[in-house]
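Let's walk through this model together, one feature at a time. Keep the sequence and the 3D view open as you read.

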Amino acid sequence: MRIKRLYTEPDTIDPIEFHKGVNIIVGERDETSVKNNGVGKSMCIEFLNFALLKKKSESRVSKIPQQSFKPDTFICVDFELHGMDYTIKRSIVDAEHPRMICDSSVIDFSKLDDATRFLTERMFPSTHLVGVGFREMLGPLIRDERSEFKSIVACYDTKIRVPDNYAPHLMLLGIDLMIYRKIREILKELDAIGVEEKRIRENVQLIREKGIDDARSDLNELNEEVERIRQGIDALENAPAYDVIKDELIEIEDQTDELRFRKTALLKRLAGLNPIAIETAIDADEIRSFYNQLREGLGDKISKDLNEVLAFKSKIELFQKHLLTEKSQVIEEELRGLRRQLADLDRHQARLIKILDQDGDLRNLKKTYAAFQAKSDELGQLKGLLDRYDRLALDKQEKRLEKETERLRLQGSIIGASERLKSFEQTILWIHQFIQGNRKASFEVRTTSTKNVVDIIMRIDDDGSHSVEREKVFIYDIALLLNDFSKARHPGLLVHDNIFDVDDDTLKRSLEFVFTKSVFDDDQQYILTLNTDRLGRLNGEPWHDDLEGNIVASFTKNHRFLKTNYQEII
């Protein structure tokens, strides 16, 4: 795969022509500023990645303000894949429907996934390489600057928190990818089992207020209770008179429930009829004496009026008491009737129960059936939960065994690829010797019991620091591109955005390796971004002219990639 041209329709950016081998995009100073960051190098790579079907939600392109870049503008890339020319045209506003031109045919895709699937089939036409998607493969080949180059596997923006994906790495190293995929699927199934087990434990705790183990003893007790009630009902139903009096017993119970409900309602009404007001005692003589002191004769007049009001109030209260008494008598009479009816029903029910001769085991037929149904439901629910929990335990054991079996198969595939892995390690040592001046490096692939399934372990001299981790990623990526075994599976494209945030000596030796030792095939391409202020000390190097000759784009504060200054939308 080789990128040929990056441009827009209509023209918004200056088109960038790429060639085989090394292509450099630089940020330079100009007369307006001594700074060369923020000029658009990373956005240029982001445009390329977006055109190559990166998800809009994960792309910085979607954060460009509309006034700085119209969302209906097509971002276009021309590229070659296995000798065939392709063009992808994609806009921000219609990112899910890219247009592709290949072999003189125009395809408008209805979904982004369809376009990705199409290019997956074109990128990996050989059946032995099927299993890695187009975008999945481009992840470690076009490393996001915001991945901070902390890991050879973690190649995406650290804020997105994309799980580590070893699939493209295993494919390039010649290790059986299908076994890796199978183990990942088993781990997903084990996670699902764990989620369901937790849900069952929570349900059992809610129902029984106990853990799973304690609830098992409850299951036996419940089973005994249900069996005892069932035996009682069976004995009752087998009694000779049962069919004769069953319906009558149930009718008595229904009537009893209705009468008790009516009785409760009447008692509440009766309680509400009791007088709650307390008669206030008013001394008319005191009031007359008080007001006569204020004005002669005033107290006599007020006392007379007050006596008339109190007399009227007494008549009203007397009338109210009469009404309440009459209502209370009516309710009490109805209550006496209800008590008589309930007593009659109790006596009649007792006679029927005696006919059944059940020794008092089934005093209330309807409640007995209800209790049996409730206990049966409770038993069935708890038994269902515990049976499912036991089934999940067996499933989990089987899946774990299956996982271990597949792990052994994967280990066998790694052993089978030992010659290729040893060759790849030698390539790493060769690069490390040139850049670091020693062979204090190692490379290993091994299985692990963690969710990652495998570990790719690479060590270089003094690794662990920010600068050295970036250099480790550079050595690993370049080794994949140059090693005789891995390059046969490699798409041939590698893009590094600002990877050389390292010390000056490491930068010098790394670039020297690229221009003097790396022999790229005709279908291979290495695109990287650099700041020229880091290159000032390299002017005297014999390979500096090659570096200058491979610059395909240069941006400054006065000549930015998007030709405008803007702030990304948060």
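At 45% relative accessibility, Arg409 counts as partly exposed, where buried means under 20% relative accessible area, exposed over 50%, and partly exposed in between (1.4 Å probe, protein chains only). Its salt-bridge partner is Glu406, with N and O 2.8 Å apart; a salt bridge here is a side-chain nitrogen of Lys or Arg within 4 Å of a carboxyl oxygen of Asp or Glu. Glu406 counts as buried, at 10% relative accessibility. Both residues lie in helix H10, 3 residues apart, about one turn of the helix. Helices (H or I, at least four residues) and strands (E, at least two) are DSSP runs, numbered from the N terminus. An α-helix has 3.6 residues a turn, so residues three or four places apart point the same way.

A word on the ground rules: this is a predicted model, in which local features need pLDDT of at least 70 and side-chain atom pairs count only at pLDDT 80 or more, while totals for chains, interfaces and linings use all residues. Residues are numbered from 1 along each chain as its sequence is written, and side-chain values use heavy atoms, leaving out hydrogens and water.

Stay with helix H10 for another pair. The side chains of Lys399 and Glu189 form a salt bridge at 2.6 Å, N to O. Lys399 lies in helix H10 (residues 365-416) and Glu189 in helix H5 (residues 177-208), so this pair ties together parts that are 210 residues apart in sequence. Lys399 is partly exposed, with a relative accessible area of 22%, and Glu189 is partly exposed too, at 33%. Glu404 also has its place in helix H10. The C-alpha atoms of Glu404 and Ile183 are 8.8 Å apart in space, although 221 residues separate the two in sequence.

The count of salt bridges comes to 39. Among them is the one between Asp484 and Lys487, whose closest N and O atoms are 3.9 Å apart. Asp484 is exposed, with a relative accessible area of 60%, whereas Lys487 is partly exposed at 26%. Elsewhere, Arg2, Lys4, Glu80 and Asp85 are linked in a network of salt bridges.

Now find helix H11 (residues 418-436). Its 19 residues should span 27 Å at 1.5 Å a residue, and its end C-alpha atoms are 26 Å apart, which agrees; the expected span is 1.5 Å times one less than the number of residues. The buried residues of H11 include Leu421, Phe424, Glu425 and His432. Just after H11, Gly437 takes a positive phi of about 85°.

Which way do two packed helices cross? Helix H2 (residues 112-123) and helix H3 (residues 134-141) pack at an angle of about 75°, with their axes 8 Å apart. That makes H2 roughly perpendicular to H3, a label for angles of 65 to 115 degrees. Axes are lines fitted to C-alpha atoms, for helices over the stretch in contact, and angles run from 0 to 180 degrees between N-to-C directions. The contact (heavy atoms within 4.5 Å) is made by Thr116, Leu119, Thr120 and Met123 of H2 and Phe134, Arg135, Met137 and Leu138 of H3.

Finally, look at the backbone. Most residues other than glycine have a negative phi, and most peptide bonds are trans. A cis peptide bond joins Glu9 and Pro10, with omega about -5°. Asn498, in the loop between strand E11 (493-497) and helix H13 (504-516), has a positive phi near 60°.

Terms used: Angles under 35 degrees count as roughly parallel, over 145 as roughly antiparallel, 65 to 115 as roughly perpendicular and the rest as oblique.
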